[in-house]
Amino acid sequence: MKKMRLDKLLANSGHGSRSEVKTLVKAGRVTVNGAAAAGANMAVHPEQDLIQVDGREVHYQKFYYLMLNKPSGVVSATRDNLHSTVVGLVPPEFSHLDLFPVGRLDRDTEGLLLLTNDGKLAHRLLAPKKHVPKTYYARISGRVGADDVAAFARGIELEDFTTLPAELEILEAGDESRVYVTIYEGKFHQVKRMFAALGKEVRYLKRIAMGGLALDPALAPGKLRELTAEELALLAEWR
């Protein structure tokens, strides 16, 4: 990791805005390798220099990866004039980061959404040529059968494109069927449109996995947490 400005490092580590960090430095509350920081604009090495604020060591982290269990009713955006956004669910300890959602879920769709400030990873997870798998749990109005499974496996022709072959697993067939669906692209309303093309309606949709990363069943709707080292390793092939 290259050297960076001290004020940028401290601001990115949650110690206030650039101007607030300058005040800390002027007050002598910031030390670098045991000596008072020479100035807010001094160059420091995040991995080699010992940086402390009020005697407490600062641990710098460039990229953050958070798993969100998206609830219904919020949009997958950083800002929206009409609706609450997923970024609005971010707790104070992460609010200083420029987090954004990787991809999107419809406003009424729940489940796994990754929030990060790593643009390269986000681009690769969303790149069409990567064919990153996305798995959903869905409740469908109407009986889902073997013909539907075969149609998903072939790829379904929609008005503007034909989907890649997808996997449809029937958990329960009836007046309201329960299924798992795995798709390898992420077009607008894709799962809903695929079922609509077969004369069926999606009543409930929840994403439970993406690129090998599975939604933590203990994570309540609207809550988020940082990914574990093991979970980050699952995303390694997309980095």
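The following exercises, each with a worked solution, concern a predicted model.

**Exercise 1. Classify the ring pair formed by Tyr 137 and Tyr 204, and state which parts of the chain the pair ties together.**

Solution. 
Step 1. The structure holds four aromatic pairs.
Step 2. In the pair of Tyr 137 and Tyr 204, the ring centres are 6.1 Å apart and the planes stand at 65°.
Step 3. Planes over 60 degrees apart count as edge-to-face, so the pair of Tyr 137 and Tyr 204 is edge-to-face.
Step 4. Tyr 137 belongs to strand E10 (residues 134–141) and Tyr 204 to strand E13 (residues 201–210), so the pair ties together parts that are 67 residues apart in sequence.
Step 5. Tyr 137 and Tyr 204 are both buried.
Step 6. Ring pairs also bring in Tyr 180, which forms a cluster with Tyr 137 and Tyr 204.
Step 7. A charged side chain is found here too: Arg 139 lies over the face of Tyr 204, at 4.4 Å from the ring centre.

**Exercise 2. Determine whether the pair of Phe 152 and Phe 195 is stacked, tilted or edge-to-face.**

Solution. 
Step 1. The ring centres of Phe 152 and Phe 195 are 4.9 Å apart, and the planes stand at 50°.
Step 2. Stacked requires planes under 30 degrees apart and edge-to-face requires over 60; the pair of Phe 152 and Phe 195 is therefore tilted.
Step 3. Phe 152 lies in helix H4 (residues 146–154) and Phe 195 in helix H5 (residues 190–197), so this pair ties together parts that are 43 residues apart in sequence.
Step 4. Both Phe 152 and Phe 195 are buried.

**Exercise 3. Describe the largest pocket and its lining, then the second largest pocket.**

Solution. 
Step 1. The largest pocket holds about 450 Å³ of space.
Step 2. Its lining has 26 residues, and the closest to the pocket centre are Lys 134, Glu 185, Gly 186, Lys 187 and Gln 190.
Step 3. Helix H3 (119–126), E10, H5 and E13 each supply at least two residues of this lining; H5 gives the most, with three residues.
Step 4. Sorted by class, the lining of the largest pocket has 13 nonpolar, six polar and seven charged residues.
Step 5. Lys 187 also lies over the face of Phe 161, at 5.4 Å from the ring centre.
Step 6. The second largest pocket holds about 310 Å³ of space. Among its 14 lining residues, the closest to the centre are Met 4, Lys 8, Asn 12, Tyr 60 and Lys 62.
Step 7. The lining of the second largest pocket comprises five nonpolar, four polar and five charged residues.

Methods. Residues are numbered from 1 along each chain as its sequence is written. This is a predicted model: local features need pLDDT of at least 70, side-chain atom pairs count only at pLDDT 80 or more; totals for chains, interfaces and linings use all residues. Side-chain values use heavy atoms; hydrogens and water are left out. Rings of Phe, Tyr and Trp (its six-membered ring) pair if their centres lie within 6.5 Å; planes under 30 degrees apart count as stacked, over 60 as edge-to-face and the rest as tilted. Helices (H or I, at least four residues) and strands (E, at least two) are DSSP runs, numbered from the N terminus. Buried means under 20% relative accessible area, exposed over 50%, partly exposed in between (1.4 Å probe, protein chains only). A charge sits over a ring if NZ of Lys or CZ of Arg is within 6 Å of the ring centre and within 35 degrees of the ring normal. On a 1 Å grid over the protein atoms alone, a cavity is a set of points where a 1.4 Å probe fits but cannot get out, and a pocket is an open set with protein on both sides within 12 Å along at least five of seven lines; lining residues have an atom within 4 Å of a point. Grid points are joined across faces, edges and corners, and a volume is the space filled by probe spheres set on the points. Ala, Val, Leu, Ile, Met, Phe, Trp, Tyr, Cys and Pro count as nonpolar, Asp, Glu, Lys and Arg as charged, and the others, Gly among them, as polar.
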